[in-house]
Amino acid sequence: MYPNLLKLGFILMTFFMVIMGGLINTVEQHLPLFIVQTFRYGKCAYQGKSSFFIKPIEVPKRWFGHFYIFAAIFTTLAAIVVCNVYILGAKLEPWLLICLDLLASGRNASVAAILAESHGFIHLEETVPQIALKDVSFLNVSGCILFLWACYQQSKMGFILANLRKNNKGEVISVKHKIPHGDMFEYVSSPHLLCEILMYLGLTFVMWGASIWPWVFFWVLTNQVESALLTHQWYKTTFSNYPSQRKAIFPFIV
């Protein structure tokens, strides 16, 4: 047997975020500068003298667009493969199954070795279980509804943030940060991050029983909560009139 690399990776990233986030939130002033500068970014970035180790490899936040482009291409290709297999009944090639074995399955390596020696395509019925409508549970449907609702809410929060820099004609007139108001912003500082968590929670319900996805959710949860805590702290430090009743990410809680 060999380890599930994706699962192991998300477990390590989750624990890293919990540990580093806890240190940043409690004893940041005692941490080495390169750790603080590595962890913080964007408007919450460290504003002092740059660390010798980090400065050569630090990139501006606007470069993050490259990651979204890569993710969009990868997600599109993955969606095409899934639709071809589960809807059109296409066949998988051995090399793709070997990659899935190495990354995610955790099955015996000899399976991948046997497939590597085979010729042509692997039939769908030999590799991928068919899904019937009766297999869709109430939890799956609820997860789908939650995901779609969270997507809609996140887009609304994005428009509120974007409009802070625009006039009534839709023209960008300022790049300064302002206090957002309205809708979920009346309860938390980062509702768009809360919506991100709810989206992944919805996907967790849709894929209930998967061995890897819960750790994907935990990684997103810890990452978004820490980002929200740093953002909330930045808002309160930057704006003296920031609404005191707002929480960081979970209404009435934190």
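Let me start with Thr222, which is found in helix α9, where helices (H or I, at least four residues) and strands (E, at least two) are DSSP runs numbered from the N terminus. This is a predicted model, in which local features need pLDDT of at least 70, side-chain atom pairs count only at pLDDT 80 or more, and totals for chains, interfaces and linings use all residues. Residues are numbered from 1 along each chain as its sequence is written, and side-chain values use heavy atoms, with hydrogens and water left out.

Is Thr222 buried or exposed? Thr222 is buried, because its relative accessible area is 16%, and buried here means under 20% relative accessible area, while exposed means over 50% and partly exposed lies in between (1.4 Å probe, protein chains only). The side chain of Thr222 reaches the backbone oxygen of Trp219 at 3.0 Å. If we leave aside neighbours within four places in sequence, Thr222 is in contact with Thr14, Met17 and Val18, a contact being heavy atoms within 4.5 Å.

Val18 brings us to the surface, since it also belongs to a nonpolar patch there, formed with Phe15, Ile19, Leu23 and Val27, and together these residues have about 420 Å² of accessible area. Such patches are made of residues with over 30% relative accessible area and no salt bridge, with like charges joined within 9 Å and nonpolar side chains (Val, Leu, Ile, Met, Phe, Trp, Tyr) joined within 5 Å. The areas come from the Shrake-Rupley method with a 1.4 Å probe, and for residues only the protein chains shown count as cover.

Now let us step back to the whole chain. The secondary structure comes to 9 helices and 0 strands, and along the sequence the pattern reads α-α-α-α-α-α-α-α-α. Of the 254 residues in the protein, 29% are buried. The protein exposes about 16800 Å², and carbon and sulfur atoms supply 69% of that area. Among the contacts with a separation of 6 or more, 67% are between residues 24 or more positions apart.

What about the interior? In soluble globular proteins, nonpolar side chains tend to be buried together. A nonpolar core is a set of buried Ala, Val, Leu, Ile, Met, Phe, Trp, Tyr and Cys residues joined through side-chain atoms within 4.5 Å. In this model the largest such core has 14 residues, and those with the most contacts inside it are Met184, Leu194, Ile197 and Ile249. The elements that give two or more residues to this core are α7 (138–163), α8 (191–206) and α9 (213–238), and α8 gives the most, with 6 residues. Leu194, not counting residues up to four places away in sequence, touches Met184, Ile249, Phe250 and Pro251. A second, separate core of 13 residues includes Met20, Leu31, Leu230 and Trp234.

Next come the charged pairs. Side chains of opposite charge can pair when their charged atoms come close. A salt bridge is counted when a side-chain nitrogen of Lys or Arg is within 4 Å of a carboxyl oxygen of Asp or Glu, and how many are found in the whole structure? The search finds 2.

In one of them, Arg40 pairs with Glu28, the closest N and O atoms being 2.8 Å apart. This pair links distant parts of the chain, with Arg40 in the loop between α2 (33–39) and α3 (65–86) and Glu28 in the loop between α1 and α2, 12 residues apart. Both Arg40 and Glu28 are buried.

The side chains of Asp183 and Lys156 also meet in a salt bridge, at 2.9 Å from N to O. Asp183 lies in the loop between α7 and α8 and Lys156 in helix α7, so this pair ties together parts that are 27 residues apart in sequence. Asp183 is partly exposed, with a relative accessible area of 36%, and Lys156 is partly exposed too, at 27%.

Asp183 has a positive phi of about 55° although it is not a glycine. Phe252, in the segment after α9, has a phi near 70°, again a positive value in a residue other than glycine. At 69% relative accessibility, Phe252 counts as exposed.

Note on methods
Polar contact = N/O pair within 3.5 Å; in protein donor to acceptor, adjacent residues only side chain to side chain.
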